[in-house]
Amino acid sequence: MTAPTRTETAPATHTHQPTPHWLGWLKWLLFIACLLPVADLALRLLQGTLAQTTADPAEFTTRTLGAWAFRFLLLTLAISPLRRLLGWHWLLRLRRMLGLFVFFYALLHLASYLWYEHRLAWPEIANDIVRHPLITLGVAAFILLLPLAATSNKHMVRRLGGQRWQELHRSLYLIALFVLVHYWAQTEDDVRHTVLHVVILLSLLAIRAWWRAQERRRQLTALPPPYKPRGKVIPINPR
Ligand code: HEM
């Protein structure tokens, strides 16, 4: 769901660029792979075997769906850095699908929370959201995801214009930070997973901040002088 930058939309000239036919197959494979976690969960729920794996199937379902939403979010954010590092420009063509899967899993995560954990008892749900800041943060992340999902199609990109669309989709980083806190605070057993997610997200943020700083420096040094000096230029004593 993140937007392409000006350089990202530029036609790719790299030798790793696959043929469109190749990419079509890859997209299908990725689509099926993205559905596997939910298919596995649904199968276990239907067969009633989830109770053999976990003492609390409801919590397990909510957590698994939330965890996948977050994994897809990190994958979506990793596309740009990977594309720049590996020179695989075609990776950008997979980003929209990954972004939509973030929304898909977040929606199922929310549905699982509403149904399994509260049986749609709305006053209880409202109370939970207001009283627990970590749930509030999850809801905020979900609300921020809505405009990104709604504007992920080509028509909306054209309607909003590249720059505005890009600015809007940059909020995915903020969403990721919200989810990170939401996740971190709810970790009960193995903190290693959470630490891994923190490291991945912070690395992605650091890479992006570094590239932005580099770009700003490049633009500043490339700027023409603000005025044309007339007469003799007296150099300023640096001391
Ligand atoms: C829509 C509002 C949201 C609500 C009400 C919500 C609620 C919850 C709850 C109650 C849990 C703990 C599950 C339990 O212990 O039973 C949880 C965990 C989690 N949520 Fe959310 N959440 C929301 C949005 C999101 C979003 C948008 C994401 C990611 C994109 C997300 C990712 C996670 C993750 C990664 C966990 C921890 C999973 C684990 O422990 O492995 N949540 N959420």
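Me: Why does Pro133 count as partly exposed?

Reply: A residue is buried if 20 or more other C-beta atoms, placed from the backbone, lie within 10 Å of its own, exposed if 12 or fewer, and partly exposed in between. Pro133 has 13 C-beta neighbours inside 10 Å, so Pro133 counts as partly exposed. Pro133 lies in helix H7, and its C-alpha is 8.7 Å from that of His182, 49 residues away in sequence.

Me: What kind of model is this, and how are its residues numbered?

Reply: This is a predicted model, in which local features need pLDDT of at least 70 and side-chain atom pairs count only at pLDDT 80 or more, while totals for chains, interfaces and linings use all residues. Residues are numbered from 1 along each chain as its sequence is written.

Me: What makes up the secondary structure of the protein chain?

Reply: Helices are DSSP runs of H or I with at least four residues, strands are runs of E with at least two, and both are numbered from the N terminus. By this rule the protein chain has 11 helices and zero strands. Its pattern along the sequence is accordingly α-α-α-α-α-α-α-α-α-α-α. Of the 239 residues in the protein chain, 19% are buried.

Me: Which residues have the most contacts inside the largest nonpolar core?

Reply: A nonpolar core is a set of buried Ala, Val, Leu, Ile, Met, Phe, Trp, Tyr and Cys residues joined through C-beta atoms within 7 Å. The largest one has 26 residues, and those with the most contacts inside it are Ala69, Phe72, Leu73, Val102, Tyr105 and Val179. Helices H4 (57-86), H5 (92-117), H7 (133-150) and H10 (172-184) each supply at least two residues of this core. H4 gives the most, with eight residues.

Me: With which residues is Phe72 in contact, leaving aside its neighbours within four places in sequence?

Reply: Two residues are in contact if their C-beta atoms, placed from the backbone, lie within 7 Å. Leaving aside those neighbours, Phe72 is in contact with Leu98, Phe101, Val102 and Tyr105. For the protein chain, residues 24 or more positions apart account for 71% of the contacts with a separation of 6 or more.

Me: Why are the buried residues of H7 said to line one face of the helix?

Reply: The buried residues of H7 are Gly138, Ala141, Leu145 and Leu148. Seen down the axis of H7, they fall within an arc of 75 degrees, so they line one face of the helix. The arc is that of the directions from the helix axis to the C-beta atoms. What covers these residues includes H5, helix H9 (162-169) and H10. The face turned away from the buried side carries the exposed residues Ile143, Leu146 and Ala150.

Me: How does the reach of H7 stand against what is expected, and what is known of Phe142 in that helix?

Reply: The expected span of a helix is 1.5 Å times one less than its number of residues. H7 has 18 residues and reaches 26 Å from its first C-alpha to its last, close to the 26 Å expected. Phe142 lies in H7 and, with 19 C-beta neighbours inside 10 Å, counts as partly exposed. Leaving aside neighbours within four places in sequence, Phe142 is in contact with Ala106 and Leu110.

Me: Which residues come nearest to the ligand?

Reply: A residue is near a molecule if its C-beta atom, placed from the backbone, lies within 6 Å of it. Of the 25 residues around the ligand, Glu59, Gly66, Ala69, Gly138 and Phe142 come nearest. The elements giving two or more residues to this shell are H4, H5, H7 and H10, and H4 gives the most, with eight residues.

Me: How do the residues of the shell around the ligand divide?

Reply: Ala, Val, Leu, Ile, Met, Phe, Trp, Tyr, Cys and Pro count as nonpolar, Asp, Glu, Lys and Arg as charged, and the others, Gly among them, as polar. On this basis the shell holds 15 nonpolar, seven polar and three charged residues.

Me: What makes Arg119 exposed?

Reply: Arg119 has 9 C-beta neighbours inside 10 Å, and therefore counts as exposed. Arg119 lies in the loop between H5 and helix H6 (122-131), and has a positive phi of about 50 degrees although it is not a glycine.
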